[in-house]
Structure formats: C-alpha cells, structure tokens
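Please have a look at the sequence and the model first, and then I will go through two parts of it.

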Amino acid sequence: MSFPWAEQYTPKNPLTQWIDEKLPLPRLVYNAVGAGYPVPRNLNYFWNFGVLAGLALVIQIVTGVIMAMHYGANDLVAFTTVEQTMRDVNAGWLMRYAHANGASFFFIVVYLHIFRGLYFGSYKAPREMVWLLGLVIFLLMMATAFMGYVLPWGQMSYWGAKVITGLFGAIPVVGEPIQTWLLGGFAPGNASLNRFFSLHFLLPFVIAGVIILHIWALHIPGSNNPTGVEVKGPQDTVPFHPYYTAKDGFGAGIFLIAFSILLFFAPNFLGHPDNYIEANPLSTPAHIVPEWYFWPFYAILRAFTVDFLFIPAKLLGVLAMFASILLLFFLPWLDTSPVRSGKYRPTFNKFFWILCLDVVILGWLGGAPAEEPYVMMSQVAAAYYFAHFLIILPLISRFEKPLPLPGSITEAVLAKYGKTDGATVAVPAE
Amino acid sequence: MVRYGAIAVGLFFAGWLFISFLIGAVAYVSEPPVPTVEHEFHEAPKHVSFSFDGPLGKYDQAQLQRGFQVFKEVCSACHSLKFVAFRDLAALGYNEAEVKAIAKQWAIKTPSVDPATGEASTREPVPSDYFPKPFANNVAAAAANNNAIPPDLSLMTKARHHGSAYVYSLITGYQAQPAELLKEFPDSKTPEGLHYNPYFANLNLAMAPPLSADGQVTYGDGTKPTVDQMAQDVAAFLTWTAEPKLENRRRAGLATILFLLIATGLAYMSYQNIWADKKKAAA
Amino acid sequence: MASVEHIDGTGPSGEDGVRRRDFINIAAVSFAGVGAVAVVLPLIDQMNPSADVLALATSPVDLSAIQPGQAIKTTFRSQPLFVRQLTPKEIAEADKVDASTLRDPQTLEERTVDGKKQWLVTMGVCTHLGCVPLGAGEGENRGEYGGYFCPCHGSSYDTAARIRKGPAPKNLEVPKFSFTSDTAILVG
C-alpha cells in the first residue's frame, strides 16, 4: 500500500492463515483501518469526523431498516404507521427519533468533515479523487435525506416534495414533463411516496459503496495532515491501529453524548412542528422550509428575484443552487496554490473564515421567511459564496505569499512541544 | 482555462445577485413593505409552567386525569383524538376496570357492522379501540362547524411551536378586538362567526371560546375548576397525548448519558495511554 | 470487570505501569462491548408484538346462535377459532374412548369448562403444519371420527378435537377462555 514501512499482516494461527489464503479479507481490513495503514502522527480532532460520518451512516441504516419494518408506504396510512411506531412498537419512539436526529447528526459531522477538507487543502493533488468521491457521497446524502423527509407524509413532507420537484419544473420546455415524471402524477401522491421509499431504502447502500471507493482513493496517497506537508519517512507516521482507533473511540464517545442529549431530551428541536400535521393538499403551511441542513442552499435558491434577459428568476435560482454544489467539483483546479494547509496561507485564511461566516448566515436566512430584509441579505451572502470560490480563490492562489512551511511533520510536532525553535530541521527522536 | 471559465461564471452570479440586491434595496426604500395585521398583533404563547418542563420533568397524573375530563366533557364534542386508544389511559393511572368503563360509557360510539344485516352501525368502544371521531368525515365536520374542520388533537402540542403553552394561551386568549387594531387596519374587522384571538396565527378563529366560565367541569379531586386551571390541565393532557413516551424517553436518556460519560472517560484515558510513548518522545 | 482486576492485581508482571495501562484499555473496550449489547436489546425487542397487537389479544364470542351439533369459525389472535356445541351423542362418543390409549391423552373434561361440557372451544389450527381443518362449516368433511379433518395431510380429530389418525402430534389446542355469561365467552 501507501508506504513501504507499513506493518505487514502476518496471521499466526492456522485458521487465520487458511482464511488469508482463500479470502484475504482480514488482510484488507488490516491494511485499510488496522495497523497496516500508516497515518501522519499529527492529525488533530478534525480528523475524527470521517470515522464519525461512517458511524452516523451505520446508525441510519440500522434504525432505518427497523423503521421500514413498521412503515406503510401508502399515502393513506404512512402518517398513521409512523405515529403507531412511536406509540405502540417496543422502543419505536427510540428508533424513530434516532433515525430523524441521526440524519441531522450525519450532516453535522459531514459538514465538519468538508470544513476540515476545505481548510487543510485535503482536496488538492494528489487527493482530488478522494474529494470528488466525497462530493458524490454528499449529493447522494442530500437526495436520501430529502426523500426520507417525505416519508412521514406530514405537511412539510408533502409541500417539500412539491416545492423541490417543482425546481425541475423551472427547466424550459421539458421541466413540467420531468416534474410529472418524478412524482408519477400531477402532485405528490401515493406513486411519489412509494418511489421515494424505494429509493430512500436503496441509496444508503449506494452511499456505503461510494464510501469504500472514497477510502480506497484515500489510501493511495495516504491521509493529509494539519501541516499539509507530505509524509517523508516512518518517523512521520503511526499505525492507524491502535493510535487512531483509540482516538476515534474517544471521538465516538463525544459524538454519542451529543447525539443522546438531542435524541433523548430535545428530539423535536431540529424538526418542524408542521410535520406533525398530516399532509393536506388543500392547505399550504405559512412558511415552507426544508430541514436545517439544506438552508444555505435554499437561501441561494430564493436569492434570485430578478429575471436576466430571457432567463426567468426561478430558473436562475435553480441553476445557482445546483451550481453552488457543483462548483465544489472544480475546487482542486480553482485553488492552484501548492501549499495545502490554510495555516500557512495568511490571505486564504482570512477569506476562509469570511466564507464560514457567510455559509452560517446563508443557513440562517434559508430558515427565515421569504420577506425583506432577509431576501436582500441572502443576495449579498450568496454573491460572496460564488465570488469566494469562483473569483477570490483562483486569484489568491496566484498572488498569495505563503508562510514558511515546516520541513516535515515530525519537525512540526517537535516545534509544538517546544523541543526545538521550529525553524531548523530536527533529528526525529525515535 | 478552468479558472477563466470559473471567474466568468462567478462574475455572472455574483454580479446578478448584486444587481438584484440593488433593485430590491431601491424598492425597499421607495416602497417600504407594509406591516400586516398578523405581524403587528400576533402574540407569542404566554409563559406557563408545567410539571413536565425541563429535561427531567414528569407528568402529573392527577393533572392529566383532570385534563382528560376537560377533553371528555368539552373538546371531544368536536375534536377527534384518533391516535390515542382507550387502553392508553392506563398511563394516566386508571386501572383496567376504569378504562373499560370509560370506553363503554364514551358518548361517541365506534363504527361497526351489524352482524346480522351487514349494514353500517355502531357499537360501544372497548379498551383496544381508538377514540372514535365525532364526525364521520371532513365534509360532515365542516358542515357542522361553519365550514371549519376541527383539527385532530392527538398531536396538537407537537404541531405548534411551544405547543403546551400555545394550547393554554389559545384557550385563555380570547378577547375583544383591540381598538388600535381597527384604527390601524380598518379592513381587518373579525368576520361574523369568527372569534378574535391574538395567539392564533391569523388572529381570527372559528372555534368559539371552549372554556367560558369557571366551574364548567366539576373536578373529582377537589381542584378548583377555574378557566385558567382547566386550560392548563387540558394543555397538559394534550402534551401527554402527543408524547406519551416522554417519561420513558427521559429515563432512558439519563441512563444512556451517564453510561456514555463513563465510557468516554475511559476511552479518553485509553487514548492518552496509547499515545503516551509518542507524546513522551516528542516532548 | 472483576476478573480483569484480578489479573491486574495478582499478575506475575513486576512492571506496574504496563499492567495499569492494559487495564484501562481492557476496561474501555469492555465498556464499548457492554454498550453495544445494551443497544442491541431494543433493536431485538422492537420485533416483538406491539402494544396495539397485544391489545387485540382477547376476543369475545357470542354463543347464543350455536345449536347443538353446530360449530362456528371465528378468529382469535388473527387465527381461526372453532366453537362447537356438542350433541349428547358426540359427548358420549368422546367419553367412550379410553384417554390413555390416545396419542395425546386428554379427556373431554380436561378440554372443556366444568359443567359446560357441550362447549368445545379449540383453535382451528392443525397441530401438524398449521392448516385449517375442515368440519366447522355446515356440510364439511368431519373425518372418520366425526370431529375435524385436516385436508392437507389427512389428520383426523374426534368429537373432542383430539388427534386420532394422521400425522398431527397433538390435539387441537384449547385456548384460555372463560364464560362471561351463559351464552358468551371471552377467549384469551
């Protein structure tokens, strides 16, 4: 695999040797997330979120499969079966709340994971493929989450389905046939509910498959690290197990505590009350809002209020919303600075934090009602979002003067612990 | 090449957003948005405290029983409670015989089929039945209620922001339309047949004040049935109908979090141990 | 945990630091294991019958319309239930048999309520592989022993619904039931 000094899998007893000969699955695991994977020794807590995202997916699949055992995918009974699961099924309330809040936590850890990648330049060569596959996972997650939210068939489910499929209706000429095709009718109905259920069940397994590719692609260059400096030798790395399994175990504990606080003590905090009202095609909720994790994109969608020549504002909003995600696929080629980590990029650093604030503001505006002054604010915030990725980033990577980089990972670690003054090359201690 | 294209796309989106912002800003200044009557006069729910407030609060069974009595004698004439079954009342502290008697004596009967003729008929509810609906369908409900369909109450306190306080505020919040409102919005006079209530989203509500006088129900436990007390009790009862597993959830949560705190503490110590060599080597 | 402490306390190793570290790692992993087991319990329990299913676990049956010699087929826990009023002749036939010679030895008394020997209440589920036997409906084949006959593999039950011939190992099951009045029973 990645580094020549990686520890080798050497099965000791005859049974494991026999298995290794016939199907070297333990060897694969050993090399992927075991002692056979050398990882930079200086990873900080932001590197926990990849494993935590995996944990969140497992929670979602387990609770989701159970929810499906009690769910009736029919518009006449869907709401009732979810309610009966909450009331009558043993531990049903736990499964339902864990699944609903698990989706939120999945997005929280994935957003932090993406944030980590953006700040420390994990998307740059030679890890472009890791980044691209990660974005594919993100898109699949959004589709899965959206379809899952429709399943309880509450007011927000119904109107969310109507509004989001309506986005496709903005496409000229073919838009309306596409919307009708997506829904299997002229409005959300039993056909839509059934196909969403089917796909909502399928996509998590597709996500799991893409995660395998994501990890595979990661293992070719090996993990990035907070300095962004490449691994130079064995002194720069530690085996994944036990060093990072122990750290991830601790991270998982913190994650589960945070998850439990919300799940057991405020399970409806992130949800919308309107989804406890059964779907009613004759009455629209006062403010249709998606789940919080879509709010930044929803704000961009609604920021376009003026037609551009022959392009209607509605279509512009849809194009911009898709563009806001698709542009991330071009990121490795937009940011050409050879320095990865934002720590050593003073100009990038400032704009990066503005972007973070900007996305938080977009999120807040996406959840706010579509009235002034929120619309004006979201226009400014959305303009910065596009300007940041498409204009500012290419320009800074061209003109910025980075700070001096540490000579190696070990040198950076030693400097942190005050052993050297950090400027000269230190001889590794081990 | 990618970068030139990107800058062009970026300039287009950012530029057009900026122009949209300018157009919007000009409109905002030249024609400021007119405040709506809901904006000005709608009020957030009143502050009211319940035994189940806070992360470790519990239901007060006596209060739930009183609230159930209010529901039975007042609300159930028009509102359904379709996700709750008579058997669920055991959680309020009624024993099996009492639950059976409540079901048997319920004013509304459960739809059934005449075993002899096969025609639609009704029968006395049994504990396993859900609360029967007062109206056969929405058309009947609308026809009997001046075209407004009384919503199902099972989930009402979860279907509104601050639901428990909302139900309490709505019931106790009826009042005459303020004079300033009519002065500022002369067109917003409460229409005939509706009732002004600032806690309702659009201020005018089809439901007449359900609890109009103290002593409307007679409590068995000697609690004084003021309108305020009855409103609190029924709000508590409807909180229970919406979240019957609240106490189980909080108990399980407490145990889970205590366990996780210990486990995470151990995991941290284990993590520090495993890394001790590496940190020693570095320091 | 106790065994781990034991190892920790009395182990042969003289190097205390290493032992203490092992103990913490083992404790952490054990806690994770206990947590995983605790999580699995509700995951298994959710497949048990839910409260609404259990609430339907009793069925009232009205006996007033059942004439001697007649049977009705109703349901109990979503399975067929046979309620039959035996004629004196059928009772005599059932009593005539020496119970100890039967495959599943039981007398009619043991299968009915005291003083209401004519009311035979059984599940309509063949004890072989769970088919519904014939004989409860008017004009159905009651088999050579005049009780019930299962068409799937030819099990014959007598007038006390005891297995007499064929592959079934047991008599038709008598569910728990009680008389709520002279003409009504509550099953379950």
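**The contact between chains A and C**

Let me begin with the place where two of the chains meet, to which chain A brings 11 residues and chain C brings 10 residues, and let me say at once that this is a predicted model. Together, chain A and chain C bury about 830 Å², and 62% of that area is on carbon and sulfur atoms. The count of salt bridges between chain A and chain C is 0, whereas 4 residue pairs are found in polar contact across this interface. On the side of chain A that touches chain C, the elements giving two or more residues are α3 (49-70) and α5 (92-119) of chain A, and α3(A) gives the most, with 4 residues. That side of chain A consists of 7 nonpolar, 3 polar and 1 charged residues.

Turning now to chain B, which residues does the UniProt annotation "binding site" cover? According to that unreviewed entry, they are Cys75(B), Cys78(B), His79(B) and Met207(B), and although they are spread over 133 residues of sequence, they cluster in space, with a largest C-alpha distance of 10.8 Å.

Cys75(B) lies in the loop between α3 (61-73) and α4 (96-105) of chain B, and it counts as buried because its relative accessibility is 14%, under the 20% cut-off. Leaving out residues up to four places away in sequence, Cys75(B) touches Val70(B), Leu153(B) and Val234(B).

Met207(B), in the loop between β4 (204-205) and α8 (227-242) of chain B, is partly exposed, with a relative accessible area of 26%. Beyond its neighbours within four places in sequence, Met207(B) is in contact with His79(B), Leu170(B), Tyr174(B) and His195(B).

Note on methods:
Residues numbered from 1 in each chain as written. Chains lettered and ligands numbered in written order. Predicted model: local features only at pLDDT ≥ 70, side-chain atom pairs only at ≥ 80, totals over all residues. Heavy atoms only, no water. Contact = heavy atoms within 4.5 Å. Buried area = accessible area lost by both parts, 1.4 Å probe. Salt bridge = Lys/Arg side-chain N within 4 Å of Asp/Glu carboxyl O. Polar contact = N/O pair within 3.5 Å; in protein donor to acceptor, adjacent residues only side chain to side chain. Nonpolar A, V, L, I, M, F, W, Y, C, P; charged D, E, K, R; others polar. UniProt positions renumbered as here; feature names shortened; annotations may be inferred. Buried < 20%, exposed > 50% of the residue type's maximum accessible area, 1.4 Å probe, protein only.
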